[in-house]
Amino acid sequence: MKFYQKEIQLRPLKRGFHLITEELIHEFPELKNIQIGQLLVFIKHSSASLTINENADPTVRTDFESHFNKMVPENAPYYLHTYEGPDDMPAHIKTSLLGNSVTIPITKGRLNLGTWQGIYVCEHRDYGGSRKLVLTAFGN
C-alpha cells in the first residue's frame with residue numbers, strides 16, 4: 001500500500017462556499033500513483049469547513065451561504081464567545097455542522113466523484129485569511 005501526505009495553503013477566500021476540487025488535484029499529483037484508494041482532506045481550522053456538493057451551478061454555493069447565515073445568525077444574544085467578532089462563534093457552529101474533513105475514493109489515479117460533485121472549502125469568517133489543508137492519499 002502507498003501513502004502520500006502533503007500540506008497545502010489556500011489563498012485567502014472571501015466568506016462563502018468555494019470549489020477547490022481542481023486546485024487539490026493540481027497540488028497533489030501523487031493521486032495518479034494510486035489505482036484504488038482514498039483521499040482524505042482535512043482543514044486545520046475551527047472556523048472554516050469542508051463539504052462535497054454541486055459543482056456546476058454557482059447559485060448552489062450562494063444558497064448555502066444564505067441558508068447557513070439564516071440558520072446560524074450573528075449576534076445571537078446567548079453567545080458568550082464574542083470577543084473575536086460577531087462572525088466568529090457562528091463560524092465555529094457552522095464548522096461543526098459541516099465538518100473538518102471529507103473522504104473521496106480514488107479510482108485509476110483520479111478522484112471518483114459524481115458527475116455534479118465538487119469539494120468545497122466553506123469560509124465562515126469575513127476575514128478568515130489563508131487556510132491550511134492536509135491531504136492524505138493511500139491505496140494500491
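In which sense do β4 and strand β7 pair, and over how many bridges? The model is a predicted one, and in it β4 and β7 (residues 117-123) are paired in the antiparallel sense over 7 bridges.

**Overall fold**

- The protein chain contains 3 helices and 8 strands.
- Along the principal axes, the C-alpha atoms occupy a box of roughly 50 × 30 × 20 Å.

**The three-stranded sheet**

- The strands β2, β7 and β4 form an open sheet of 3 strands in the order β2-β7-β4, and their pairing is antiparallel.
- Its edge strands are β2 (16-19) and β4 (48-54), each of which pairs on one side only.
- On average, neighbouring strands of this sheet are turned by 35° against each other, with direction ignored.
- Within the pairing of β4 with β7, Ser49 stands opposite Cys122 of β7.

**Helices on the sheet**

- Helix α2 (residues 59-71) packs on the sheet and touches β2, β4 and β7.
- The direction of α2 makes about 150° with that of β2.
- Helix α3 (residues 88-98) also lies across β2, β4 and β7, and α3 runs at about 45° to β4.

**The largest pocket**

- The volume of the largest pocket is about 320 Å³.
- Its lining comprises 17 residues, and those nearest the centre of the pocket are Thr21, Glu22, Ile25, Leu111 and Leu113.
- Both α1 (21-27) and β6 (110-111) supply at least two residues each to this lining.
- Which element gives the most to the lining of the largest pocket? That element is α1, with 3 residues.
- By residue class, the lining divides into 8 nonpolar, 6 polar and 3 charged residues.

Technical notes: Residues numbered from 1 in each chain as written. Predicted model: local features only at pLDDT ≥ 70, side-chain atom pairs only at ≥ 80, totals over all residues. Heavy atoms only, no water. Pairing = 2+ DSSP bridges. Helix = DSSP H or I, 4+ residues; strand = E, 2+ residues; numbered from the N terminus. Axes fitted to C-alpha atoms, helices over the stretch in contact; angles between N-to-C directions. Contact = heavy atoms within 4.5 Å. 1 Å grid on protein atoms, 1.4 Å probe; cavity = no way out; pocket = protein on both sides within 12 Å on 5 of 7 lines; lining within 4 Å. Points joined across faces, edges and corners; volume = space filled by probe spheres on them. Nonpolar A, V, L, I, M, F, W, Y, C, P; charged D, E, K, R; others polar.
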